[in-house]
Amino acid sequence: QVQLVESGGGLVQAGGSLRLSCAASGRTFSWYAMGWFRQAPGKEREFVAAISWSGGSTYNTDSVKGRFTISRDNAKNTVWLQMNSLKPEDTAVYYCAAERDSPRALTYDSADEYSSWGQGTQVTVSS
């Protein structure tokens, strides 16, 4: 498994931006598809965005399309989630996740597919 550490969360006003980072260690980062999920109080964990091992394919949930962008740098063992035009409903704990990439086997948007998880970082958007 790969070890993951998120950072970059915080408190921001609606309409603002944050950039989350996820630093990976322990395995060859470029083998892994990476995902971002979030969980708000009282709600289930939900998919936000994912990126294939090469960065050639990205996936976003509909509610963040046009606002959030996932990217990665395999040389830096890091994946980012750039979040713009934030809304109060984006408030949640955001988790980074990793799984050995297998385009034929992964749908990329299911939490059950990912075997490595970070500890999460809180994002709070005030209205």
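**View 1. Asp 90 and Arg 38, a buried pair.** Asp 90 and Arg 38 are both buried in this predicted model. They pair up in a salt bridge, with 2.9 Å between the closest N and O atoms. Asp 90 sits in the loop between strands S8 (78-83) and S9, while Arg 38 belongs to strand S4 (residues 32-39), so this contact ties together parts 52 residues apart in sequence.

**View 2. Arg 38 again, this time with Glu 46.** Here the Arg 38 and Glu 46 side chains meet in a salt bridge, at 2.6 Å from N to O.

**View 3. Asp 62 and Lys 65.** This is another of the structure's four salt bridges, with Asp 62 and Lys 65 meeting at 3.0 Å, N to O. Asp 62 is exposed because its relative accessibility is 62%.

**View 4. The disulfide between Cys 22 and Cys 96.** The count comes to one disulfide, and here it is: Cys 22 joined to Cys 96, S to S 2.1 Å. The link spans distant parts of the chain, with Cys 22 in strand S3 (residues 18-25) and Cys 96 in strand S9 (residues 92-100), 74 residues apart. Which hand does the disulfide have? The torsion about its S-S bond is about -80°, so it's left-handed. Both Cys 22 and Cys 96 are buried.

Terms used:
Residues are numbered from 1 along each chain as its sequence is written. This is a predicted model: local features need pLDDT of at least 70, side-chain atom pairs count only at pLDDT 80 or more; totals for chains, interfaces and linings use all residues. Side-chain values use heavy atoms; hydrogens and water are left out. A disulfide is a pair of cysteine sulfur atoms within 2.5 Å. Helices (H or I, at least four residues) and strands (E, at least two) are DSSP runs, numbered from the N terminus. Buried means under 20% relative accessible area, exposed over 50%, partly exposed in between (1.4 Å probe, protein chains only).
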